[in-house]
Amino acid sequence: MNKTTRREFIKKSGLTLLSVGLGQQAFLRQVRAASESVLTQAAALSPVDRILIVIQMDGGNDGLNTVIPLTGSAASLYRQYRPTLAIPEENVLPIGTDAAGTLLGFHPSLSPLKDLYAQGHVAVIQSVGYPNPNRSHFASQDIWHTADPQGMKRTGWLGDYLDIAFSSADNPLLAVSLAGGRLPLTLRAEQVLVPAISNVANYQFRTQPPGDHENKMQAFLALNREAAPEHVLREQIRLIALDTYESVQMLQSGIRRYTSDPAITYNQQNPLARALQQVAQILAADLGTRILYVSIGGFDTHQSQATPHATLLSRLSEAVAIFYADLVRLGLDDRVLMMTWSEFGRKVFENGNQGTDHGTVGPQFLIGTRVKGGIVGEHPSLRAEDLNPGLGDPKFSARAIDFRSTYATILEQWFLVDSREILGGAFELLDVIRA
Amino acid sequence: MPLDEYDKIAHLLRRAGFTAHPDEVETATARGLQATVEDLLNFEKFPDVPPDPELLAALDLSQDDFNRMRGDFLTKLTRWWLHAMATTARPLQEKMVLFWHGLFATSITGLEFWQQIYLQNENFRGNFDPDTGRLLRPAPGNPFPVGNFRRMLEYLSKDPAMLYWLDNQFNVKKNSEVGSNENYARELHELFSMGVEDVVARVPNYTERDIRQASRALTGWRVLPRAVGFTFPRVFSFDAQRHDFGPYEHLGKRGGTNADFIFDNIVRHRNPGQKQSAVGRFLGYRLFTFFGYEDPEPEIINALADVFDGAHGEEPFNIRNMLRTIFTPGNIVSEAFYSERAFRARVKSPTEYVVSLMRLLTFDRTTGRPDGLSRSSTAMRLIQNAMIQMGQQLFAPPDVSGWREGLAWITTTSVLARFNFANDVLSLGVAQGGIDLARLIAQAGLQEAMQQNRYGEVVDILARWLWPAPPSTEAREALIAYLQAPIPNVSPSALVTTKIRGLIHLMLAAPDFQLC
């Protein structure tokens with residue numbers, strides 16, 4: 001069903017029943033029935049049921065203190081360059097050796113992630129970055145968001161995917177950002193509108209007083225149902241308003257289908273856990289949402305970083321682990337892939353303030369039941385000749401992995417689409433997804 | 001169907017300013033369309049909004065002290081500008097400052113010193129001297145906001161905010177081909193003056209080599225502290241040691257010892273066989289898109305470019321002349337401006353949405369002026385958060401190409417944000433900076449009409465106050481039905497206020513209020 005017909009459907013069959021005086025519950029049932037009949041149909045027609053969760057680690061995660069070398073020259077140089085910040089060897093959680101034979105381990109705060117890793121659900125992609133690294137947060141984030149190292153594109157890589165894969169699609173909740181009120185550039189598209197929701201519970205039309213809500217929403221709908229085809233702009237605005245109304249109804253009625261489980265407790269003090277809990281609610285509602293975006297900030301650790309960085313990694317792994325357990329409970333784990341990213345790693349040398357400055361490559365995690373667990377690629381070499389002169393961060397060398405390889409792998413092997421148009425070229429695929 | 005006199009004047013007031021309250025339209029009608037246009041254009045004869053002492057004080061703080069109040073500074077700055085837009089006697093000046101902020105998009109995200117963005121805003125008003133770092137009202141020689149565009153390029157380029165934002169402070173002499181940093185030279189051509197292509201002829205305006213050569217002329221530009229003892233560097237400084245004295249080869253000409261050569265070439269640049277300059281067309285396009293409608297016809301762009309070029313003997317590069325052409329009836333451009341196609345055909349930006357809302361809801365019929373924004377921090381938090389959700393945080397455009405205007409403003413997130421902002425601001429108590437609804441009800445004469453169930457009249461009065469055109473029959477009926485629909489557990493005394501508040505909320509959330 002294309003956009004016009006869905007809107008016609010809502011406009012004519014569903015909502016014309018909303019004559020004055022119809023009770024709110026009956027009204028909600030109408031809308032729900034309307035949207036369900038449309039959406040179930042759309043979902044069944046879809047070639048893939050796969051869902052991607054993007055987890056942004058905002059600020060430039062210190063990759064070197066996330067995945068830590070335990071043997072070889074990298075290990076000794078790591079301890080030499082980081083006199084106060086190196087994680088004591090006995091605290092590191094070993095995960096295995098990389099392609100070059102270096103034994104690696106997780107930061108101790110990643111213990112819950114280590115458990116998932118042990119079960120084979122985590123791929124650790126090493127030394128991810130891009131040539132000619134930009135050390136500005138904003139410039140480098142834009143590059144990751146758009147997959148365009150020139151920084152010229154105004155749409156995101158997943159926004160482009162949405163436009164290409166769902167150009168005639170029909171669902172105002174195809175993708176949802178739960179990373180604050182501003183839509184991340186990754187999801188900015190030319191055609192597909194992606195709601196940026198700071199909190200699912202607040203994604204509502206607020207009205208005062210509550211007793212007048214129903215009256216007001218009916219009037220709002222009536223104002224937006226009035227077609228005036230000769231006034232093109234007004235027409236488009238009212239159609240987007242109807243979309244908004246529909247997405248609110250879908251979301252608010254949908255998330256009630258999520259039932260919590262005493263065994264699955266999301267830590268409400270952990271913002272990422274709260275966001276992923278809302279992701280679980282949306283997924284449980286089965287609204288046809290394909291991409292969800294969450295973010296955890298604070299990784300720009302220029303000073304006294306040991307404690308805050310440990311806290312952040314702890315939040316990340318705790319949230320991911322409980323969310324994964326919830327997906328298993330909901331029977332959705334098979335359909336969900338998680339990807340972390342951060343705009344850059346940090347310098348190899350700690351600075352004079354027990355912190356680290358902006359650097360280059362860093363690790364990326366892919367997490368999910370269908371992930372091929374293990375270490376992909378090699379830990380960055382910390383030898384002087386492999387560092388950018390005068391800067392002290394790893395060169396983007398032959399052993400490094402272009403972040404667009406991760407993107408290409410997700411597009412080709414998870415979403416099963418051609419990645420070249422979206423990424424502006426072909427990138428090497430990584431062996432991280434099980435067929 | 002041509003617009004009638006009322007609609008013409010209302011349209012002019014909404015576009016050259018922010019709103020057309022019926023009383024404002026009445027005053028302007030008495031003055032006449034022609035005189036109203038001249039009042040708008042020659043805004044200097046009306047008082048400017050005063051500077052905010054707190055903002056001025058922040059300029060002299062030590063950097064440590066300033067950093068402690070950075071977020072607070074941004075709130076105060078945002079409030080000051082929104083309040084200026086909502087209350088000014090010089091609406092066209094504020095509109096043009098908004099225009100330049102969008103065209104010369106600079107963001108605090110690229111500035112170490114956020115104070116600099118305030119000084120840039122004053123620069124866009126003509127109140128800043130980049131050579132001394134001083135604020136003067138007005139600063140002698142400053143061409144902003146409606147003067148000579150050739151000189152604007154100079155004032156824009158020397159502004160420390162821009163020197164930080166696009167890295168030109170790092171641009172030093174390199175070789176006879178290029179300076180060490182071409183970032184600013186590129187945006188100067190691509191975004192700030194002419195665009196990659198001639199907007200009418202669709203031919204490339206310049207080559208990569210023109211950019212590289214221009215970057216040479218912009219070398220040696222630095223930002224230095226104003227004086228010893230000041231941590232806040234806000235002065236343009238020229239360092240001859242770092243400067244490449246040319247000659248340069250730029251846009252088909254060879255010569256020059258500094259950036260004046262580049263600015264002169266840019267504003268006079270014509271592509272082969274083209275009667276109009278590339279910059280005249282670019283600015284004609286941008287200005288008409290901002291004030292009139294999107295994608296104006298080539299004849300309109302060319303007519304405005306002729307004015308920019310001084311084709312009829314007028315002073316060239318003058319922005320005020322271009323604006324006069326848009327607004328003064330009797331030429332092809334203004335004919336388009338006052339046409340049915342332009343009427344209600346601009347999607348309000350979040351700034352225009354918030355400002356028009358605040359202007360209309362705080363309009364005091366006894367003084368004939370809006371009260372504007374309160375200083376309440378509750379209200380300001382609400383406004384700032386809402387504007388972020390609506391997609392426009394002032395002083396933080398998404399990138400150097402500015403905000404995407406038009407229908408791009410309307411998304412599911414922003415529809416909800418506009419709806420909820422209107423609700424929240426109407427629900428806020430007067431003491432917290434909310435709207436004085438009682439005064440509005442009294443001044444609009446709504447109390448009696450409500451009590452006598454003359455609902456249609458209530459809708460008509462408020463539509464005239466808030467909407468650019470009378471409600472359609474269907475909209476009128478829907479709003480009357482809303483007024484009639486009962487609310488459980490509300491006392492009859494509270495009912496009138498509640499329903500009026502609800503009606504205003506609906507009108508502010510309707511498609512009609514998103515357009516101007």
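These are my notes on the two-chain model above, point by point.

1. Housekeeping first. This is a predicted model, so local features need pLDDT of at least 70 and side-chain atom pairs count only at pLDDT 80 or more, while totals for chains, interfaces and linings use all residues. Residues are numbered from 1 along each chain as its sequence is written, with chains lettered from A and ligands numbered from 1 in the order in which they are written.

2. The A/B interface. Chain A brings 35 residues to the contact and chain B brings 37 residues (contact: C-beta atoms, placed from the backbone, within 7 Å). On the chain A side, the elements giving two or more residues are helix 7 (213–225) and helix 8 (232–254); helix 8 of chain A has the largest share, with 10 residues. Helices (H or I, at least four residues) and strands (E, at least two) are DSSP runs, numbered from the N terminus. By class, that side of chain A has 18 nonpolar, nine polar and eight charged residues. Here Ala, Val, Leu, Ile, Met, Phe, Trp, Tyr, Cys and Pro count as nonpolar, Asp, Glu, Lys and Arg as charged, and the others, Gly among them, as polar.

3. Strand 1 of chain A. Seven of the eight residues of this strand (residues 51–58) are buried, so the rest of the structure largely encloses it. Buried means 20 or more other C-beta atoms within 10 Å of a residue's own, with C-beta atoms placed from the backbone. Strand 1 of chain A runs parallel to strand 8 (residues 336–341) of chain A, joined by six bridges, and A:Val54 has A:Met339 as its bridge partner there. Seven bridges, again parallel, pair strand 1 with strand 7 (residues 291–297) of chain A; in that pairing A:Gln56 goes with A:Ser295. Strands pair if DSSP finds at least two bridges between them.

4. Strand 9 of chain A. Six of the six residues here (residues 362–367) are buried, so this strand too is largely enclosed by the rest of the structure. Five bridges link strand 9 of chain A to strand 5 (residues 122–129) of chain A, antiparallel, and two bridges link strand 9 to strand 8 of chain A, also antiparallel.

5. The three-stranded sheet. This one is open and antiparallel, in the order 2-4-3 (chain A). Strand 2 (67–69) and strand 3 (93–97) of chain A are at the edges with a single partner strand each, so one side of each has no neighbour in the sheet. Neighbouring strands are turned by 35° against each other on average, direction ignored. Strand 3 and strand 4 (residues 103–106) of chain A share four bridges, with A:Gly96 opposite A:Leu104. Helix 4 (residues 111–118) of chain A packs on the sheet, touching strand 3 and strand 4, and its direction makes about 35° with that of strand 3 of chain A. Axes are lines fitted to C-alpha atoms, for helices over the stretch in contact, with angles from 0 to 180 degrees between N-to-C directions.

6. The core. The largest nonpolar core has 281 residues, and those with the most contacts inside it are A:Val279, A:Val294 and B:Leu304. A core is a set of buried Ala, Val, Leu, Ile, Met, Phe, Trp, Tyr and Cys residues joined through C-beta atoms within 7 Å. Leaving aside neighbours within four places in sequence, A:Val279 is in contact with A:Ile53, A:Leu178, A:Leu292, A:Val294 and A:Phe323.

Definitions and conventions: Two residues are in contact if their C-beta atoms, placed from the backbone, lie within 7 Å. A residue is buried if 20 or more other C-beta atoms lie within 10 Å of its own, exposed if 12 or fewer, and partly exposed in between; C-beta atoms are placed from the backbone.
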